[in-house]
Amino acid sequence: MSDDAVLITRAVHFAAVHHKDQQRKGIDRDPYMNHLAEVAAFVATADAAPNAEVIAAAYLHDTVEDTVVTHADLVDGFGARVADLVAEVTDDKSLPKAERKRLQIEHAAALSPEARLIKIADKISNVRSLVYSPPHDWAYERLVDYVAWARQVVERMRGTDAKLEATFDRVAAEADRHFARPASA
């Protein structure tokens with residue numbers, strides 16, 4: 001087996017182990033691993049033709065943010081490049097949610113091209129999940145606000161990958177249609 005395949009397979013296993021008890025917030029309560037696999041699949045099929053380290057980082061992109069895994073753990077297991085890509089897309093959970101969201105918009109343009117692929121793919125997956133399996137406790141306004149915020153993040157990364165950006169635009173437009181309220185008569 002190639003070194004690239006081994007790296008990606010190890011990342012899949014590591015992510016599955018560390019997210020094993022987590023589920024998506026949506027009404028379907030999908031295993032969290034489904035989200036990670038979807039993000040990695042979007043990254044893997046990007047026009048930019050990412051290498052194995054970027055695909056591995058896509059699988060691992062939420063490990064530091066949502067589990068007990070540290071940056072050092074990722075360096076030890078996957079090397080500095082993978083760990084640093086994960087660090088680029090990791091929010092500081094010690095900050096209030098509004099500040100984390102503001103910083104995502106502010107920092108999006110400064111991400112490396114590889115981290116941008118992961119971030120755009122993550123936004124595609126998240127917006128799609130709001131359409132097909134929204135969290136039961138999210139009000140209409142929160143759903144619409146999330147899509148608008150995701151657009152702001154992606155707008156700061158335009159020019160990264162035409163295929164992923166077009167996919168995001170289609171998914172965001174689908175969300176707009178899905179969440180559109182009928183006009184009053």
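Visitor: Which helix gives the most to the lining of the largest pocket?

Guide: This is a predicted model. In it, α8 gives the most to that lining, with nine residues. Helices α2 (32–44), α4 (63–66), α7 (97–108), α8 and α9 (140–155) each supply at least two residues.

Visitor: What makes a residue part of the lining of the largest pocket, and how many residues line it?

Guide: A lining residue has an atom within 4 Å of a point of the pocket. For the largest pocket, 35 residues line it, and Arg-24, Lys-25, Tyr-32, Asn-126 and Tyr-146 lie nearest its centre. The volume of this pocket is about 960 Å³.

Visitor: How do the lining residues of the largest pocket divide by class?

Guide: Eight are nonpolar, 10 are polar and 17 are charged. Asp, Glu, Lys and Arg count as charged, so Arg-24 and Lys-25 fall in that class.

Visitor: What is the volume of the second largest pocket, and which residues are closest to its centre?

Guide: The second largest pocket holds about 190 Å³ of space. Its lining has 14 residues, with Glu-88, Thr-90, Asp-91, Leu-103 and His-107 the closest to the centre. Two or more lining residues come from each of α6 (80–88) and α7, and α7 gives the most, with five. By class, the lining has six nonpolar, three polar and five charged residues.

Visitor: Why is Ala-172 called buried?

Guide: The relative accessible area of Ala-172 is 1%. Buried means under 20%, so Ala-172 is buried. The residue is found in helix α10 (residues 162–179).

Visitor: Which residues is Ala-172 in contact with, leaving aside its neighbours within four places in sequence?

Guide: Ala-172 is in contact with Val-127, Val-147 and Arg-151, once those neighbours are set aside. Contact requires heavy atoms within 4.5 Å.

Visitor: How many residues has the largest nonpolar core, and which have the most contacts inside it?

Guide: The largest nonpolar core has 55 residues, and those with the most contacts inside it are Leu-60, Leu-74, Phe-78, Ile-118, Val-127 and Phe-168. Helix α8 (residues 113–132) gives the most to this core, with nine residues.

Note on methods:
Residues numbered from 1 in each chain as written. Predicted model: local features only at pLDDT ≥ 70, side-chain atom pairs only at ≥ 80, totals over all residues. Heavy atoms only, no water. Core = buried A, V, L, I, M, F, W, Y, C linked by side-chain atoms within 4.5 Å. Buried < 20%, exposed > 50% of the residue type's maximum accessible area, 1.4 Å probe, protein only. Helix = DSSP H or I, 4+ residues; strand = E, 2+ residues; numbered from the N terminus. 1 Å grid on protein atoms, 1.4 Å probe; cavity = no way out; pocket = protein on both sides within 12 Å on 5 of 7 lines; lining within 4 Å. Points joined across faces, edges and corners; volume = space filled by probe spheres on them.
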